[in-house]
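Let's take a friendly walk through a protein model. Please have a look at the sequence and the structure first.

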Amino acid sequence: NAAEKGGYEDFMIKEIHEQPKAIKDTMTSRIMAGQDICLDKITLTKEQLENIDKIYIVACGTAYHAGLVGKMAIEKLARIPVEVDIASEFRYRDPIITDKTMIIVVSQSGETADTLAVLRDGKKKGARVLAITNVVGSSVSREADDVFYTWAGPEIAVASTKAYVTQLVAVYTVALYLADLRGTLSKDEIEEIKKEMLTLPEKAEKLLSDVSEIQKFASKAYGEKDMFFLGRGFDYAVSLEGSLKLKEISYIHSEAYAGGELKHGPIALIEDGTVVIATLTQEALLDKMISNIREVVTRGAKVLGIAFEGSTKVEQVCDEVIYIPRTLELLAPVLSIMPHQLIAYYVAKQKGCDVDKPRNLAKSVTVE
Ligand code: G6P
């Protein structure tokens, strides 16, 4: 009802605007300036970690997309090999699981059948299982060896928004914790990342305070039949999630591609007027992305860029640019996903869709 929506039109837009608080709550008592990272009751020792030779992150849907960011963050910061997989694929492919394996399951609800099956099977085979979940007392939280709760609060809209950003905070925190234990980062380097993480709620607040550009874009783009998302590295992971949001609630066909894959097929689909949403937050990949954008523009694409403030190079190739507050490239997904969520939301609203309850979808898939 209206009171539950706190003055917002839908739960989804309410939850999008709750993200600064959700991010903050998830960091509280874990990420503090000048203090060691605290992972609640998780007591992985240096010796136990030395025994781990591989991490799998396994999840479904949006949580899987958070896992993709987790892989990149853990490999970059803690230098442990990480594989990410979709739970319904992982469980049936006879993965190599030993007592040297760590499995991180990510699940907002903590009840997704495939994810739970992976957790159970992993434990049986001797893996150490860490659950990242939003629901206290959920099946996943009860059965995992260790639990990291995201403090997003109840998420009602079927399309996940605030749970996703808190899952990102969770994987960064775990990556930093592992890096600290292994000594792959110096205390100063860890401190710098923590300091920047603590600024994210304020930056998210700023980003969400003006949605007019995105509304304008949505009012032009809502009639599209297809949209494409492009990115590299962290921006690719965010593009996948942005594309999922759009198809979930607006029913517009959309696909996300890694910039470098463009030539291997998707470019064949670009026609005059095709809408492409490109995310460009990774400096080392910027020139590569810019040349990808040129390739689609030449074929008639209309490109919306999502980039950090001050990244003016992007304007030279994109028709329009949505700027987001600057942060570490590592942490960019927390902010760069928000314009994507808002694009999906306002496009769906323009089309008159029921954004909170999209057709055919369930909040939690507890049956296979
Ligand atoms: C459903 C929901 C998605 C969610 C996925 C995984 O498909 O609609 O929003 O990402 O399940 O759910 P979980 O609760 O395991 O994160």
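Helices (H or I, at least four residues) and strands (E, at least two) are runs assigned by DSSP and numbered from the N terminus. Counted this way, the protein has 13 helices and 10 strands. The model is a predicted one: local features need pLDDT of at least 70, side-chain atom pairs count only at pLDDT 80 or more, and totals for chains, interfaces and linings use all residues. Residue numbers start from 1 along each chain as its sequence is written.

Now for the overall picture. The radius of gyration, taken over C-alpha atoms, is compared with a globule rule of 2.2 Å times the number of residues to the power 0.38. For 368 residues a compact globule would come near 21 Å, and the protein's 20 Å agrees with that. A residue is called buried if 20 or more other C-beta atoms, placed from the backbone, lie within 10 Å of its own.

| Property of the protein | Value |
|---|---|
| Box filled by C-alpha atoms, along the principal axes | roughly 55 × 45 × 40 Å |
| Buried residues | 52% of the 368 residues |

Next, look at a sheet. Strands pair if DSSP finds at least two bridges between them. An open sheet of 5 strands runs in the order β2-β1-β3-β4-β5, with parallel pairing. At its edges are β2 (82–86) and β5 (146–149), each pairing on one side only. Strand β1 (residues 54–59) joins β2 in the parallel sense over 5 bridges, and Ala 59 stands opposite Ile 86 in β2.

Methods:
Buried ≥ 20, exposed ≤ 12 C-beta atoms within 10 Å, placed from the backbone.
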